[in-house]
Amino acid sequence: MSEDGGQVIRFPAPGRAAARPVLAASVAVFRDGKVLLATRTKPPADQLWSLPGGKVEAGETLEEAALRELEEEVGVVARILGFNRHVEIFGRDAKGAVTHHFVVASFIGAWLSGEPRTGPEAGAVMWADPLKLGGLATTRELGDVLRRAHQLFTTGMGSS
């Protein structure tokens with residue numbers, strides 16, 4: 001249990017399979033044509049650029065989790081415009097055992113307030129062109145997630 005009474009879900013010890021997938025949520029926040037990215041500070045995506053997000057807590061909706069994680073990780077407040085897609089992230093050890101399995105519900109949002117800041121879960125932050133990530137080291141499906149989010153945002157979702 002964590003200090004606030006919530007359950008702490010740990011990665012399994014090497015050679016042990018994950019007990020179950022972990023539900024998480026993220027949000028592609030747009031501001032002035034750019035999207036907010038942050039580097040992760042914890043495995044399995046340590047030092048990779050990705051969308052702010054994290055685990056869904058019991059009793060909260062996916063949207064609530066995405067917005068809570070956004071504010072906790074980088075200090076930004078946004079409003080959800082809609083759902084983008086889900087992403088599954090999993091890995092295996094040398095013996096083939098599943099070491100982690102996340103199912104991430106990815107949303108599209110519009111910036112409302114707050115300037116991005118680093119913290120314990122965000123090593124670096126930046127507003128980036130969603131279609132030009134250059135040579136950034138990113139999580140596996142980030143480019144596809146951002147292309148779809150940008151298309152949805154610019155074809156009407158962002159004007160609602």
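A quick definition to start: helices here are DSSP runs of H or I, at least four residues long, and they are numbered from the N terminus. Keep in mind that this is a predicted model. The count comes to 9 salt bridges, and a few of them are picked out below.

**The pair in helix H2**
- Asp-144 and Arg-147 sit 3 residues apart in helix H2, which covers residues 142-154, so about one helical turn separates them.
- Their side chains form a salt bridge, with the closest N and O atoms 2.3 Å apart.
- Asp-144 is partly exposed at 41% relative accessible area, and Arg-147 is partly exposed too, at 45%.

**Arg-68 and its partners**
- Arg-68 meets Glu-60 in a salt bridge, at 2.7 Å from N to O.
- Arg-68 also meets Glu-72 in a salt bridge, this time at 3.1 Å from N to O.
- Arg-68 and Glu-72 are 4 residues apart in helix H1 (residues 62-74), so they're separated by about one helical turn.

**Buried or partly exposed?**
- Buried means under 20% relative accessible area, so Glu-60 counts as buried at 17%.
- Arg-68 is buried as well, with 16% relative accessibility.
- Glu-72, on the other hand, is partly exposed, with a relative accessible area of 45%.

Notes:
Residues numbered from 1 in each chain as written. Predicted model: local features only at pLDDT ≥ 70, side-chain atom pairs only at ≥ 80, totals over all residues. Heavy atoms only, no water. Salt bridge = Lys/Arg side-chain N within 4 Å of Asp/Glu carboxyl O. Buried < 20%, exposed > 50% of the residue type's maximum accessible area, 1.4 Å probe, protein only. Helix = DSSP H or I, 4+ residues; strand = E, 2+ residues; numbered from the N terminus.
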